[in-house]
2 protein chains.
Amino acid sequence: MPMRDLTIRDLDVADLENGFLETLAFLSEVNLTPQEARPLLEDRCRAGVQTFVAVRGGRVVGTASLVAERKFIHAGGRVGHVEDVAVHRDFQRRGIGTKLVVHAVKRAQALGCYKVILDCFGPVAPFYSRLGFREFNRGLRLDLPVDL
Amino acid sequence: MPMRDLTIRDLDVADLENGFLETLAFLSEVNLTPQEARPLLEDRCRAGVQTFVAVRGGRVVGTASLVAERKFIHAGGRVGHVEDVAVHRDFQRRGIGTKLVVHAVKRAQALGCYKVILDCFGPVAPFYSRLGFREFNRGLRLDLPVDL
């Protein structure tokens, strides 16, 4: 059932104490107090990383982020990286993730990105396919530290 | 045959007129003059994007970039994104790409990244596998603009 009374907007510092960190923990471990998270938010803002939240009843129930990377290729175009999409377990399967990703894509488009890319686990790929994403590349990782 | 007389270092503004843009064009279209590229370099530096070059005989013959993205997850850790690895055609198959990627991984490690990720075409995956990368996720893309 789609949700009414849902707002998608940029993360505000007050959200750090208002469900944001708890929501993100449904994606991966967070282990941060709001006080610890604050300088990280500033660090991300300085780097131009944009964090969006879905708010319902005054609480954060979902989040997604966008890194708009300036390239030299494509005549100085930008690529949008969608990162860290999470919805609080109590509010999943109601279209909040879709709204967040569409919001991030719209922002990327407004910033002049020529494409949006993301990495996801295989079982999540159909969710993104429904939004128009297509499988294109392999996503590789190297866990650090390594002995180099 | 491995190359001697090869230096890997951060991109300098002078490199924009010294083979950098030509080298990058072996990866994808660039279509920039050095003058047009200069503000893009500044934009990338402000965002913390790091661009490395391989220099031989005073000319840029290879490049790779690193976006070190600050996360809220993983207790505020960083993820390194390796981007835009390119080697000039005349100098390919001599280990320059390997040196550039190892350099980027070392930088990511020095910055405290807990992993390095990248997207690549399937045929290039074995190159990264030899460096310790493993296939982990699907890489999806959405070309813009789209009608949202």
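So, the sheet: it's an open one of 12 strands, in the order E1(A)-E2(A)-E3(A)-E4(A)-E5(A)-E6(B)-E6(A)-E5(B)-E4(B)-E3(B)-E2(B)-E1(B), and the pairing is mixed. Strands here are DSSP runs of E, at least two residues, and helices are runs of H or I, at least four, both numbered from the N terminus. Two strands pair if DSSP finds at least two bridges between them. At the edges sit E1 (6-10) of chain A and E1 (6-10) of chain B, each pairing on one side only. On average, neighbouring strands are turned by 25° against each other, direction ignored.

Quick housekeeping. This is a predicted model, where local features need pLDDT of at least 70 and side-chain atom pairs count only at pLDDT 80 or more, while totals for chains, interfaces and linings use all residues. Residues are numbered from 1 along each chain as its sequence is written, chains are lettered from A and ligands numbered from 1 in the order written, and side-chain values use heavy atoms, leaving out hydrogens and water.

Okay, pairings. Within chain A, E4 (78-87) and E5 (113-120) run parallel over 4 bridges, with Val79(A) opposite Lys115(A). Which way do E6(A) and E6(B) pair, parallel or antiparallel? Antiparallel, over 7 bridges, and there Leu140(A) stands opposite Glu135(B).

Now the contact between the chains, meaning heavy atoms within 4.5 Å. 65 residues from chain B and 65 from chain A take part. About 6,300 Å² gets buried between them, 58% of it on carbon and sulfur atoms; that's accessible area, 1.4 Å probe, lost on putting the two parts together and summed over both. On the chain B side, Phe72(B), Leu140(B) and Arg141(B) lose the most area to chain A, together 16% of what that side buries.

What about charges? The rule finds 10 salt bridges across the interface, counting a side-chain nitrogen of Lys or Arg within 4 Å of a carboxyl oxygen of Asp or Glu. One of these cross-chain pairs is Asp43(B) with Arg70(A), at 2.8 Å, N to O. In chain B, E6 (134-143) supplies the largest share of the side touching chain A, 10 residues. By class, that side has 36 nonpolar, 11 polar and 18 charged residues. For the classes, Ala, Val, Leu, Ile, Met, Phe, Trp, Tyr, Cys and Pro are nonpolar, Asp, Glu, Lys and Arg are charged, and the others, Gly among them, are polar.

Conventions: Axes fitted to C-alpha atoms, helices over the stretch in contact; angles between N-to-C directions.
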